[in-house]
Amino acid sequence: MTQTLRVGVIGTGAMGADHVRTLHRWVPAARVVAVQDLDVARAKHLATEVGAEVAASAEDLIDPATVDAVVIASPDPTHAPLARAAIAAGLPVLCEKPLGTDPDESRSVVDAELAAGRRLVTVGFMRRFDPGYVSLKEAVAAGRVGSPRLVHNIHRNRVGHPSATTEGIVVNSMIHELDIVPWLLDSPIEQIEVTSPVADGFRDPQLAVLKLANGTLATVEVFIEAAYGYDVRCEVVGTGGTAALVPPALVAHAAGGVAGADVPPDFRPRFADAYRLELAAWADSVLDGVPVGPTAWEGHRATVVAAAGVASLREGRAVPVPQEPCPDLYV
């Protein structure tokens, strides 16, 4: 492999374009050499900005002769097929969440990786690289809250994507919490119940209650049409205290008898550091040949929990999460 990682990025929408620019500006170990999108004009504009080529198709981009690794940031239904194609080509891949739109799709990626006999897939759960979440996990592991009993999570967006659906709130948005809570507490989710105060149509906001194997309960509020801005919070409550994220703010204002900080309009300002750290760690790991970050198995398990959450919302009851033995490749 070349000393500088040649990266191809599939999908040049908001997420893909942000990945391309972050790799270009902040990750010296990587160079974006190719991009691809069904919107060819958008892809060409971004490619010109970073000095990359435009691939005719995703399949053309996934070519070991021209790229050393692939980032998948295309629409959700393409994630699993493209991840399987990258595995078949022997190329490491950073795949945005969700790994699959349902458990069969995500499991197909795990099975492809098992057949290949090595880890090639990293799932884009960037919160694991966020300095706040990392510090929170360290505090819990050090026993600073005692034994965890409760975890409270809030996940609000100013406005949802035009294609957002009731089920997608769980599968595409809440899935961040369905990954981060087990990671924080090192315990899998055994049961999920999802409800909404909205009975018909687009059911937003949603509230989930998770039961973990260690007995901890977690609440997850997701509100993707919250209007006021992007807001993510997490607090772990234990027998000896609590630990919570402190919202980062670059500027605080005080005027007219009111003091406070601006709320970011979307996820990018809030998690800019997390994305930089994630992409840098991924590029270094590919060059070093030592995989880091969320695995395909962890991406699959989050999808399994999300599917149980969708069933809970539809059926109006708590749903047990199917458990599976973890393959040796991921132990």
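The model is predicted: local features require pLDDT of at least 70, side-chain atom pairs count only at pLDDT 80 or more, and totals for chains, interfaces and linings use all residues. Residues are numbered from 1 along each chain as its sequence is written, and side-chain values use heavy atoms, with hydrogens and water left out. Helices (H or I, at least four residues) and strands (E, at least two) are DSSP runs, numbered from the N terminus.

**The parallel sheet**

- Strand β1 (residues 5-10) pairs with β2 in the parallel sense over 6 bridges; G8 stands opposite A34 in β2, and I10 stands opposite Q36.
- On its way from β1 to β2 the chain passes through helix α1 (residues 14-26), in a right-handed β-α-β crossover; right-handed means that, with the strands pointing away from the viewer, the path from the first strand over the helix to the second runs clockwise.
- β2 also pairs with strand β3 (residues 53-54) in the parallel sense, over 2 bridges, and E53 in β3 is the bridge partner of A34.
- A right-handed β-α-β unit is made by β2, helix α2 (residues 40-50) and β3.
- In strand β2 (residues 30-36), 6 of the 7 residues are buried (under 20% relative accessible area, with exposed over 50% and partly exposed in between; 1.4 Å probe, protein chains only).

**The mixed sheet**

- The order β12-β11-β7-β10-β9-β8-β15 describes an open sheet of 7 strands with mixed pairing.
- β12 (241-244) and β15 (319-320) stand at the edges, each with a single partner strand, so one side of each is left without a neighbour in the sheet.
- Helix α6 (residues 131-141) packs on this sheet, touching β7 (148-156), β11 (231-238) and β12 (contact: heavy atoms within 4.5 Å).
- Strands β9 (residues 206-212) and β10 (residues 217-223) pair in the antiparallel sense over 6 bridges, with V222 in β10 as the bridge partner of Q206.

Definitions and conventions. Two strands pair if DSSP finds at least two bridges between them. Axes are lines fitted to C-alpha atoms, for helices over the stretch in contact, and angles run from 0 to 180 degrees between N-to-C directions.
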